[in-house]
Amino acid sequence: MTTLSALYIDAGDVVLRKARDDDRGSIIEHVADPDVRAHLGGPQPRDAVARDLDEAGVASATDAPGSYVIADKSTDAFLGTVSLTRRGVHHPGHLGPGEELELAYTLDRAAWGRGLAYQAAAAVLRAAAAELPDEPVIVVTQSANTRSLNLARRLGFVPAMTFEEYGEEQTLAVARLHGFLPSRAT
Ligand SMILES: CC(C)(COP(=O)(O)OP(=O)(O)OC[C@H]1O[C@@H](n2cnc3c(N)ncnc32)[C@H](O)[C@@H]1OP(=O)(O)O)[C@@H](O)C(=O)NCCC(=O)NCCS
């Protein structure tokens with residue numbers, strides 16, 4: 001099952017690029033941040049993250065096709081992550097039997113409230129819509145994750161179902177990929 005092949009995407013005030021060695025410290029702080037991880041299973045221990053990154057290489061953080069670092073347009077510094085990847089069939093919460101395209105996003109706490117995740121997500125979806133056949137795209141987020149649900153709604157995703165995973169209620173929201181083609185964007 002395919003997803004997006006681009007290695008770099010211009011997304012307005014941010015760029016989407018693959019992870020580099022000099023992102024190491026930022027990535028560790030990002031996944032150790034209690035705010036960023038509040039609805040993602042909690043902060044991860046810095047030592048364990050550092051060990052994993054050093055073993056696998058920092059580039060492994062965005063190895064998967066469709067997976068990117070969100071970086072500041074002017075400084076190229078790490079600000080977060082965005083991905084459009086295939087949701088494994090072992091997860092609960094699907095529209096059908098296959099591996100749906102799933103959008104996910106995380107931003108450093110200091111970058112919230114500036115529309116940057118919106119720009120990053122919209123750019124990924126536009127690029128994917130130009131490259132891939134039309135199909136549903138999903139966002140799965142804890143129902144308590146108001147900021148994430150607000151972003152999904154602003155992008156045009158519509159809540160379709162709720163289910164339980166990791167002991168929390170999750171909301172699955174859906175949009176059509178080709179709804180993000182420039183000619184049809186609103
Ligand atoms: C989910 C998350 C990425 C949303 O970040 P965000 O900055 O709120 O999202 P957006 O990029 O859509 O920005 C919207 C905010 O920027 C403001 N904003 C400022 N300028 C803006 C602009 N030019 N365009 C749009 N919004 C703008 C909006 O008013 C809004 O602020 P508000 O929520 O205080 O009203 C962020 O909260 C996060 O990283 N959370 C932790 C990780 C997580 O749980 N991810 C979900 C997993 S799928």
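This briefing covers the sheet, the helix packing and the ligand shell of the structure above.

The model is predicted: local features need pLDDT of at least 70, side-chain atom pairs count only at pLDDT 80 or more, and totals for chains, interfaces and linings use all residues. Residues are numbered from 1 along each chain as its sequence is written. Helices (H or I, at least four residues) and strands (E, at least two) are DSSP runs numbered from the N terminus.

**The sheet**

- Eight strands form an open sheet with mixed pairing, in the order E1-E2-E3-E4-E5-E6-E8-E7; two strands pair if DSSP finds at least two bridges between them.
- Strand E1 (9-11) and strand E7 (158-165) are the edge strands, each pairing on one side only.
- From one strand to the next, the twist averages 25 degrees.
- Strand E4 (residues 78-86) pairs with E5 in the antiparallel sense over seven bridges. Leu 101 in E5 is the bridge partner of Arg 86.

**Helices H1 and H2**

- Helix H1 (residues 24-31) packs on helix H2 (residues 46-56) at an angle of about 140 degrees, with the axes 9 Å apart. Axes are lines fitted to C-alpha atoms, for helices over the stretch in contact, and angles run from 0 to 180 degrees between N-to-C directions.
- That angle makes H1 oblique to H2; angles under 35 degrees count as roughly parallel, over 145 as roughly antiparallel, 65 to 115 as roughly perpendicular and the rest as oblique.
- Arg 24, Ile 27, Ile 28 and Val 31 of H1 meet Arg 46, Val 49, Ala 50 and Leu 53 of H2. Two residues are in contact if their C-beta atoms, placed from the backbone, lie within 7 Å.
- This contact of H1 with H2 has six nonpolar, no polar and two charged residues. Ala, Val, Leu, Ile, Met, Phe, Trp, Tyr, Cys and Pro count as nonpolar, Asp, Glu, Lys and Arg as charged, and the others, Gly among them, as polar.

**Helices H3 and H4**

- H3 and H4 pack at about 50 degrees with their axes 10 Å apart, and are therefore oblique to each other.
- Ala 117, Tyr 118, Ala 121 and Ala 122 of H3 make the contact with Leu 151, Arg 154 and Leu 155 of H4.
- H4 also lies across E5, E6 and strand E8 (168-176), running at about 160 degrees to E6.

**The ligand shell**

- The ligand is surrounded by 21 residues, the closest being Gly 115, Ala 117, Tyr 118, Arg 147 and Ser 148; a residue is near a molecule if its C-beta atom, placed from the backbone, lies within 6 Å of it.
- Strand E5 (101-107), helix H3 (116-131), strand E6 (136-142) and helix H4 (146-155) each supply at least two residues of the shell.
- The shell has 11 nonpolar, seven polar and three charged residues.
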